[in-house]
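Reader: I am new to this structure and would like to learn how to read it. Could we take a few features in turn?

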Amino acid sequence: MADQVAGVKSAEELAKTQKGVSVSEFFEKNRHLLGYDNKIKALLIIVKEGVDNALDACEEARILPDIYVKMEEVGTEKYKIVIRDNGPGIVKQNIPKVFGSLLYGSKFHRLRQNRGAQGLGISCAVMYSQLTTGEPVEILSSVGDGKTHRYKMKIDVKNNIAQVLEEETLTGKEWHGVQITFVCEGVYREHKQSVLEYIKQTAIANPFSNIVFEGPTGRFDFKRTVNELPKEPKEIPPHIEGVEYGVFERMLRATSARSVASFLTTEFSRLGKTTADEICKVAGIDGKISPRRVEDKDIGKLVQATKQVKLIAPPTDVLSPLGDKLIEEGLKKELNPEFIATVSRSPAVYRGFPFQVEVGIAYGQSITEFKIIRLANRVPLLYQQGDCAITKSSMEIDWKRYKFQSDKLPTEPMVLFVHICSVWVPFTSESKEAIASYPEIMKEIKLAIQEAARKVSLYLSGIRKAEYQAERMKTFEKYAEETAKALEDLTGENAKKIKQLIDKVVSERSGEFQDMGEEDAEEKTKKTKDDEDGGEDE
Amino acid sequence: MVSKERIKDPKEGLENFGKDIVKQLEKIQNPDMSLPVRNLSNIYFDDKSKLIMLGDKVSHRTYLNVAHTRKFMQTVMVASGCKKLIQQGVTTSIRDLFYNMKHTIPKYNEETFETQEESDPLIEDIEASLNTLRENLHLHAEQKGSLVGPITIREPSFDTENDCTKMGASGYGIPSICEPETVQFRDCKAEFVLIVEKDAIWQRLNEDRFWKKHNCLVMTGKGQPDRGTRRMINRLHNELKLPIYVCADADVWGFYIYSVIKQGSINLSFVSDRLGTPQAKYLGLTTQDVAKFSIPKNVTIKLNEGDKKRAQELLNYVWFKKKDWENEIKHMLQVGYKLELEALSSKDIRFITEKYLPQKIKEEDFLP
């Protein structure tokens, strides 16, 4: 072999060094993919994972969330973080799995609007803690039966399973929920992308929650102002439009359906017998054969066929939007604005996934500058603002049309709150920091923002009108006395009486003469350039 | 409210002006004063009288329009100020009236009038709207024009007779109010009237006794002549049949001074019949004189953008649409320069009195 160079290894030799990598090992090397790329952000992500899980658990159990977060510095760049909720708790045997193995979770295999979805977040937080400080996490959980289960554990990275260090059951305390304690490396800051900002935005988007944050700089209370939870989201099977070859194949191999046609109708959302038959016909496959008998080459044909038949859109009533009232409550309680406009779009569909956009604009008073609050399934997004469909859509709006001062984004003191909820929010990366710019999503965001901007603009023009009106009345009042006096000198009528008449005319008639219209022509009688008689009577 | 007939009793006119406003107030209406529009859009050139006349357009100044409210108050104040003058039988200057009305509005940190520029146009508004004259409102401006030459002017109210040949270097100051009741002509021996734009030239003509040599009256309005001077010119022509010659700089501003003397002004079009003298003739200076009198080119001044623009405007005025004038203005634009009367001194200090003016008058080298 002429093209061989010295030292070439054979495939067999290479195989000795090739081995399977567990997800935990993969994370160990690639933690930035989940957002752990710096010490400031790491603290935020751990709190976020804990709080997201807590809120999800409470909501699913229909409990009004009470969440407690404590963060204290226990060494140089070393923090202890405690997150406690009043959720349903986790049954004893599941505790090691939930916290001790990556990608374990109840949510990955279903399509339902949730904060978390991958079963990755909280165990990654555990991983990060043990990686940076070597310390295990401590978990307390009770389902309300008087027993509290306490675990101290790490993750066995090689095998992606929990390594339980301590385990005990305590009695004597009636409560339900979960408390988890991490000790990890980090740097605490309070700026735009901080733990505090994340909790504040979470409080805005979840006004039905009580959140207490005891941080290194003091205690912050975010009080519940609404005593009802949003409606519960529904779980739906996937819609075939959004299913790609690999998933389709996996589902086909795993199905318990007896025929290909019944596989299609039972495993997918809104797919009836007629459509199933049509797909099989287009693919040239007998719909009555067992899914197990479908040959690999025919799977591709089936997937192709789904793109050629007319499909019914997935149901959209499965989502749980915040609604105008909750958005308004949230913005009001944390931002204390002068005016709030809210818009809820009807649900729409991208790639077979239903989604819905909601927008709130809070204007003025305590708000001093323009800011965008981005939320996906009620979770604030703090990083990668520029890559996010929400930011991009906002920048494509012609704000000047709504009388805002703007260069791409407005400069008015207001907060633009955009929430996207979906059974599957398309993030640009696993760290879930920015929403991907699908045209359907961009369009809905833009329509919602435009409508809200119109409302704010209407409000502001009303204010301007009222201010202008007040200014007019002041002007009329100012010159009334002198006018009345001069008229007395001219006519002999009593000045007081004339002043009263002027006041009466002003109060009764001034509203009718709003615009400058015709009368304004008078102003033009001022000397024009054409009228250069100049110098007379100097 | 805009009357066509010149009213006889200005005091009554002012009172009615006020009563009309009170009447509107009593009816709970937005008080509205109708005023003739005094700009280019509302004047016309009357071919018969050859004067610039006021049209029929009326504008409305109303109280319930924030852009007008202050002016509305000021207009009523000017009317009331004039009524007081008439009542007291005193005459005062428009500047005095301004100071008389100027004060701080109680409780507001604002003056009723900031500058005289605010009150002067309102006086004209009242004049035009009542179709009366400033002098009937007992107002005059500061004296501005001067006259010298063989005429005696009697002012009965002062019981004086002024021999205008014996006035020395300053000449006879033409009163701002120049009506037959206050200013009367006696023993006029002059054969024509020469009006010069500039005081400096007038001084030269007086010093050289030009009026004596050529038996004429020499006047100046020191720039754009005031109403008194224009009224004087009008009366000298109409009552004594004296020809009127105007001598101004060869530039657009000089030409327009002549125009105002001849056919009246846009701003005061409502009194053109009393202030304009359509028979006046333009003696000079013109840019065409440069060649005619071999004036050195180095005393000419290059036209600037303002000159050129104004020249185009003049060409558009109906009353400049005369062949000789169009030729002169186009010539000026073509050669691209203008010149001042003083430029004539470059030939000789007395060139204007000994050569230029006599030759022009003799040859009747005028522009219409």
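Reader: At what angle do α2(B) and helix α4 of chain B pack, and how far apart are their axes?

Author: The model is a predicted one. To read a helix pair, take the angle between the two directions and the distance between the axes. Here α2(B) and α4(B), the latter spanning residues 116–130, pack at about 70° with axes 9 Å apart. Angles of 65 to 115 degrees count as roughly perpendicular, so α2(B) and α4(B) are roughly perpendicular to each other.

Reader: Which residues of α2(B) and α4(B) meet?

Author: From α2(B) come Q74(B), T75(B), V78(B), A79(B) and C82(B). In α4(B) they meet E118(B), S119(B), L122(B), I123(B), D125(B) and I126(B). By class, the residues of this contact are six nonpolar, three polar and two charged.

Reader: How many residues does each chain give to the contact between chain B and chain A?

Author: For a contact between chains, count each side, then ask which elements supply it. Chain B gives 53 residues and chain A gives 41. On the chain B side, the elements with two or more residues are α1 (10–26), β4 (58–62), α2 (69–88) and α8 (252–263). The largest share, 10 residues, comes from α2(B). The chain B side divides into 25 nonpolar, 15 polar and 13 charged residues.

Reader: Do β2 and β3 of chain B run parallel or antiparallel?

Author: For a strand pair, look at direction and then at the bridges. Strand β2(B), residues 43–46, and strand β3(B), residues 51–54, run antiparallel and are joined by four bridges. Y44(B) stands opposite M53(B) in β3(B). The two strands form a hairpin with four residues between them, and K50(B) in the turn has a positive phi of about 60°.

Reader: What is the order of the strands in the open sheet of six strands?

Author: The order in chain B is β10-β7-β13-β12-β14-β15, with mixed pairing. At the edges stand β10(B) and β15(B), each with a single partner strand, so one side of each has no neighbour in the sheet. Strand β14(B), residues 244–247, pairs with β15(B) in the parallel sense over three bridges. There, C247(B) has G284(B) in β15(B) as its bridge partner.

Reader: Which strands does helix α7 of chain B touch?

Author: Helix α7(B), residues 227–240, packs on the sheet and touches β12, β13 and β14 of chain B. Its direction makes about 160° with that of β12(B).

Conventions:
Residues numbered from 1 in each chain as written. Chains lettered and ligands numbered in written order. Predicted model: local features only at pLDDT ≥ 70, side-chain atom pairs only at ≥ 80, totals over all residues. Pairing = 2+ DSSP bridges. Contact = placed C-beta atoms within 7 Å. Nonpolar A, V, L, I, M, F, W, Y, C, P; charged D, E, K, R; others polar. Axes fitted to C-alpha atoms, helices over the stretch in contact; angles between N-to-C directions. Parallel < 35°, antiparallel > 145°, perpendicular 65-115°, else oblique.
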